[in-house]
Amino acid sequence: MNTVRIGAGLGFYGDNPRPVLASIERAGVQYIASDHLAELTLAILQKDRQRDPSLGYARDVLPMLLRLWPALRANGVRFVCNAGGLNPRGAALAVLEAFERTGWRARVAVVTGDDVLPRLLDASAGPGRHAHLFTGEPVDAVRERLVFANAYLGARPIVDALALGADIVITGRVADAALTLAPLVHGLGWRLEDAVTDEDWGRLAQGLAVGHWLECSGQGSGGNFGAQGLWRQIPDLAHIGYPVAEVAQDGAALLTKPPGTGGRVNFDTVRQQLLYEVHDPHAYRSPDVVLDLGGVTLHDEGEDRVRLTGARGQPPGEWLKVVGGYRDGYKAEVTWGFAWPDAWAKAQAATEIIRAQLREQRIVHDELFVEHPGLDSAHGALSPQPTGEALAALNEVWTRLVLRTPDKAAAEGFGRLFPWLALSGPAYTCGFNGLHNVSELLGIWPTLIGRAEVEPGVRIECLGDAP
């Protein structure tokens, strides 16, 4: 195969699957790479799993595949996703059961082995093991509260699943760009673990760069474009086309989108996405290759076509990143509004009344977070404060108060501090939202684990029958 064409799927849990259909039907893609997971997503899935052990996967994969499968099958397109989350096998079984009810058949491969929670729970692992990646804090501080821990796997198990003939590959926590790199390795016959030469590493680096561009759905084709004023020039976002990449044997990539769709693929939209979430552009680390973006050239050919070349790569090293989650108390939040006149002053006075009640009733809490949607909630302390005269003239002011506490009872009681103020507090209250909005918090624990501890436990299971 001389080239491989891959289209972007979702960019997060709950993203819009409709633009994917245009890539399948109009862009000549052979694969869809769909990214459903983020660190926050795993916390959401953990809460699902606590309620029902059969859950723990991104449930949007089911309606998505029910919508897309006829087109995927008709066009011979294979679907790769990480929607398995904390329960990849559960996701695959749910898909196959739904397909069976519809009379469809598919071969679904499941990738497992990213769950490394037992490793982090093992207190005999030795001092310094699994310390917090950024603070260096020992894992002992949260060990007894850990509820999940998953290593970021690379492309290899997905490559193997495709080699087994899977129509659909469902993984747990893999590196986002591995969803794209794997079909490239499989389709173009690139070296992976046995990469040796600069050319080998350069091809993998190109594949990683393409995967990074594809992983955020419409953000790669003009969605969420942040240039001041220029975002208005992105056409027809209501019908945005998701990114599509055509990658050649040498790794050179043509970046585009399906014909007849909205959005924009040009030098600016591509470079914004390539730099998104990249801490060090000269060493963007993945389980498969370390990407150096310093030599990348983007040649804008016009008509939503950008040529990407020049990525350089180095071996990835012996460590894999892990994202862990631990129980971190509870939160309760209430949003409360005040109307003119003196809306700002009333909001400040009301907040002080709540603070006074917390003190006087000795309600245990770690923090009372306060923000004002429309004034300072987007940029926090960086938000320019209006002048006193401008604040005094505001028509309305909304205040969001969030209590963070280790005590569930304190969180559940937070809402009771407010209702009486409707008649006994500052005048012209616009109402309360969230008086009973309490949820458990999960903290994130990023760390590292030895590759050799994880990869021998990775398993691929093929379920279902070929269509």
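Is Trp336 buried or exposed? I will start there, with the reminder that what we are looking at is a predicted model. Trp336 comes out at 1% relative accessibility, and because anything under 20% is called buried, Trp336 counts as buried.

Trp336 forms an aromatic pair with Phe418, and the pair is edge-to-face, with 5.5 Å from centre to centre and 80° between the planes. Trp336 sits in strand 14, residues 319-339, while Phe418 is in the loop between helix 12 (408-414) and helix 13 (421-424), so that the pair links distant parts of the chain, 82 residues apart. Phe418 is buried as well, with a relative accessible area of 0%. Both residues belong to one aromatic cluster, which is made up of Trp336, Phe338, Phe414, Phe418 and Phe432.

Across the whole structure, a search finds 8 aromatic pairs. Another of them is formed by Trp69 and Phe99, and this one is tilted, with 5.4 Å between the centres and 40° between the planes. Since Trp69 lies in helix 3 and Phe99 in helix 4 (residues 88-102), the pair ties together parts that are 30 residues apart in sequence. Trp69 is buried, at a relative accessible area of 2%, and Phe99 is buried too, at 0%.

Now to the sheet, which is open and consists of 10 strands in the order 11-12-8-7-1-2-3-6-4-19, with mixed pairing. At its edges are strand 11 (297-300) and strand 19 (459-463), each of which pairs on one side only. On average, and ignoring direction, neighbouring strands are turned by 20° against each other. Within the sheet, strand 3 (residues 78-81) and strand 6 (residues 168-171) run parallel and are joined by 3 bridges, and Cys81 stands opposite Ile170 of strand 6.

Helix 3, residues 61-75, packs on this sheet, where it touches strand 2 (31-34), strand 3 and strand 6, and its direction makes about 160° with that of strand 3. Helix 9, residues 267-275, also packs on the sheet, touching strand 8 (253-256), strand 11 and strand 12 (306-309), and its direction makes about 155° with that of strand 11.

Finally, I would point you to His212, which is placed in helix 8, residues 198-214, and which counts as buried at 1% relative accessibility. A polar atom of its side chain lies 2.8 Å from the backbone oxygen of Tyr276. Leaving aside residues up to four places away in sequence, His212 touches Ala177, Gln273, Leu274, Tyr276, Val278 and Tyr284.

Technical notes:
Residues numbered from 1 in each chain as written. Predicted model: local features only at pLDDT ≥ 70, side-chain atom pairs only at ≥ 80, totals over all residues. Heavy atoms only, no water. Pairing = 2+ DSSP bridges. Helix = DSSP H or I, 4+ residues; strand = E, 2+ residues; numbered from the N terminus. Axes fitted to C-alpha atoms, helices over the stretch in contact; angles between N-to-C directions. Contact = heavy atoms within 4.5 Å. Buried < 20%, exposed > 50% of the residue type's maximum accessible area, 1.4 Å probe, protein only. Polar contact = N/O pair within 3.5 Å; in protein donor to acceptor, adjacent residues only side chain to side chain. Phe/Tyr/Trp six-rings, centres within 6.5 Å; stacked < 30°, edge-to-face > 60°.
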